[in-house]
Every structure is written in structure tokens, then in C-alpha cells.
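This briefing is for a reader who is new to the structure shown below. Please look at the sequence and the model, then read the points by topic.

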Amino acid sequence: MFKWFSSKAPELKSPREIGLMREAGKLVASALRICRDMARPGTRTIEIDRAVESLFLGHGAIPLFKNYKTAGIRVPFPAATCISLNEQVVHGIPGQRTIRDGDLLKIDTACKLNGWCGDAALTLPIGPIRPELQKLLDVTSETLDLSIRAMGRCRLWSEVAALMQQHVERSGFSVVTQYVGHGIGRIMHENPQVPNFVNREVKKHDFRIEEGLVLAIEPMVNMGRPDVDTLRDHWTVVTRDGLPSVHIEHTFAVTRGGIVVVTADEEPPTLPAVPAAPVAAASPA
């Protein structure tokens, strides 16, 4: 989501609420499994979008991206998925474009099921890709994995974000700073903002990693510079230098037992617990 910082506290979830979010997360995971199966040369991006929307509607879920509106953009988003290729970073609109060998295909989707939301994204290589593209994909995946491990030992999000940024930049790439992750729950975009980098503004709006926190963490990593632009369709974000970008996202919950991957495809093992600290009361079940 577009970066805008708020001073409001994160909205913590009870174990019961996290369990309900897990059901939405499983459906998002099923949608991305369909996307993997369809991601082959010659497939039109609109075909993938229609399959995902059909899955959500068939399960009584709301496709959260469809007709989504945000401040400053007059045109609602027209699809159930964001599908972005190569230099497109995020928010690509599905259409008649066909997938080709060598592409980096990014698919982001979210749904609301029984009042609770799940949000995830993946980047898929189409056929053989150049070694530098594979490295970009690997580093972005490593950055997301690193963030989850760090949540088990860090007390503040800024500490996690700093480690993410360092890993990307030491690998020779750059972090997109105009778009960030977000809290998620009964609505798709809740407090807090979840950046993948650190600066003075991030530290000013820092937050504790505590039980009940549910975050959509989504590193966006550019091969070249971090600068991005938005196309005339009002939504598609592209790298300013035209070089490729990778986007990966999962929804994670901080529980007493550890970090739960809400949007995992299979039941995941619980990752290491957060360090002992005073825990704010979760919202009532």
C-alpha cells in the first residue's frame, strides 16, 4: 500500500480472531496455487484474474481488490488481483497481455471471508530466467524470511526493517520506499504501516512486536534504483529506470507460541516466539 504514517496504535487480535483470519489466509493461498498452475507462456493475465475471482466468490468470500478505492485515485481498481510483470512493481491491472518466457510475474491478491481478511503475493519466474533475475528473486524471498526470524528476537519493528534493508542493499539492490506493508484484520489496511526500510519518519512511528499483532509484510525490491512512477491507468507502479522488480508478501500473526503464517498454503510449523515483554490486551473475541 502507498506509504502514509499514522500515530494510531496497532489493532491487536485475539487467538480466536487470528484463527478466523487463518481461514481467509488459506483461501488466499489456494488462489495463489491456482495462479502458479496457470503461470505459463501464452496465458493472458485476465484469465488468471478471472480464475481467482471465481474461487473467492465460490467460497462466499469478497475479493478485496475489486473496486478498491483510495484517496487521490479517482478510478477504482477493476480486478480481483494485481498482476505486474518485469519492471512493474505492484498494482498492475490484469488484461490481454500474455505471459512470456523469461518474465517475472507478480501476483497479489486478498479476500475477506466471514468478516476477516488475508493478503499475500508471490513472484514467479516464467521458464528459464537470467541469473541476475534469479538473484533478485532469491534476495527478496530471503528478505521476507529474514523479517520473520527477526520478529522472534526484536522488540521494535524498526529493528526488523533495518535488517531487511541491509540485506537488500548489501546484495546490490534497492528497497522501494513509496509503498509499504500494513496491519490487517477486519479491513485490509489497518494500522500500523509496515515499512521495509528505516529512516527518521519510520522511527517516529515505530511500534512494538507483541502478541496479537497481525501484519502483511511485503518487501518490494528493485534491481536498480528505488524510484518508481505510476502509469496513466492510475494504478500500475513501475520502476523509473525500467529495470525489473520483485514483490513477495505474506500475512503473519504474532502469538504467544510464536509467529504464525496466516496465508501459508499448508499448516505451517509455528516459528520462534517473540521475546518476553509486556503484552497489551487483545481485542475481545
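The model is predicted, so local features need pLDDT of at least 70, side-chain atom pairs count only at pLDDT 80 or more, and totals for chains, interfaces and linings use all residues. Residues are numbered from 1 along each chain as its sequence is written, and side-chain values use heavy atoms, with hydrogens and water left out. Helices (H or I, at least four residues) and strands (E, at least two) are DSSP runs, numbered from the N terminus. Buried means under 20% relative accessible area, exposed over 50%, and partly exposed in between, with a 1.4 Å probe and protein chains only.

**Nonpolar cores**

- A nonpolar core is a set of buried Ala, Val, Leu, Ile, Met, Phe, Trp, Tyr and Cys residues joined through side-chain atoms within 4.5 Å.
- The largest such core has 38 residues, and Met-151, Trp-157, Val-160, Leu-215 and Ile-217 have the most contacts inside it.
- At least two residues of this core come from each of helix H3 (131-151), helix H4 (157-170), strand E9 (214-217), E14 and E15.
- H3 supplies the largest share, nine residues.
- Another core, of 24 residues, lies apart from it and has Ala-24, Ala-61, Cys-111 and Ala-120 among its members.
- In soluble globular proteins, nonpolar side chains tend to be buried together.

**Contacts of Trp-157**

- Contact means heavy atoms within 4.5 Å.
- Leaving aside neighbours within four places in sequence, Trp-157 is in contact with residues including Met-151, Met-164, Val-194, Pro-195 and Asp-206.

**Aromatic pairs**

- Rings of Phe, Tyr and Trp (its six-membered ring) pair if their centres lie within 6.5 Å; planes under 30 degrees apart count as stacked, over 60 as edge-to-face and the rest as tilted.
- A search of the whole structure finds three aromatic pairs.
- One of them joins Phe-77 and Trp-235 edge-to-face, at 5.4 Å centre to centre and with 85° between the planes.
- Phe-77 is in the loop between strand E1 (62-63) and strand E2 (81-85), while Trp-235 is in the loop between strand E11 (228-230) and strand E12 (237-239), so this pair links parts of the chain 158 residues apart.
- Phe-77 counts as buried at 2% relative accessibility, and Trp-235 counts as buried at 7%.
- The pair of Trp-157 and Phe-207 is stacked, because the ring centres are 6.0 Å apart and the planes are at 5°.
- Trp-157 lies in helix H4 and Phe-207 in the loop between helix H5 (200-204) and E9, so the pair ties together parts that are 50 residues apart in sequence.
- Both Trp-157 and Phe-207 are buried.
- Tyr-68, Phe-77 and Trp-235 are linked into a cluster by ring pairs.

**His-247**

- His-247 is in strand E13 (residues 245-247) and is buried, with a relative accessible area of 2%.
- A polar contact is a pair of N or O atoms within 3.5 Å; within protein, one must be able to donate a hydrogen and the other to accept it, and residues adjacent in sequence count only if both atoms are side-chain atoms.
- The side chains of His-247 and Glu-218 are joined by a polar contact of 2.7 Å.
- Not counting residues up to four places away in sequence, His-247 also touches Val-89, Val-90, Lys-106 and Asp-108, among others.

**Thr-255**

- Thr-255 lies in the loop between strand E14 (250-254) and strand E15 (259-261), and at 17% relative accessibility it counts as buried.
- The side chain of Thr-255 reaches the backbone oxygen of Gly-258 at 2.6 Å.
- Apart from neighbours within four places in sequence, Thr-255 is in contact with Ile-18, Glu-211 and Val-260.
- Thr-255 and Ser-14 are 241 residues apart along the chain, and their C-alpha atoms are separated by 8.8 Å.

**Strands E7 and E8**

- Two strands pair if DSSP finds at least two bridges between them.
- Strand E7 (residues 181-183) and E8 pair in the antiparallel sense over three bridges, and they form a hairpin with six residues between them.
- Val-194 in E8 is the bridge partner of Gly-181.
- Strand E8 (residues 190-194) is largely enclosed by the rest of the structure, because five of its five residues are buried.

**Backbone features**

- Asn-191 and Pro-192 are joined by a cis peptide bond, with omega about 5°, and Pro-192 lies in strand E8.
- Asn-114 is not a glycine, yet has a positive phi of about 55°.
- Asn-114 lies in the loop between strand E4 (104-113) and strand E5 (116-125) and counts as exposed at 66% relative accessibility.
- His-234, also not a glycine, has a positive phi of about 80°.
- His-234 lies in the loop between E11 and E12 and counts as partly exposed at 34% relative accessibility.
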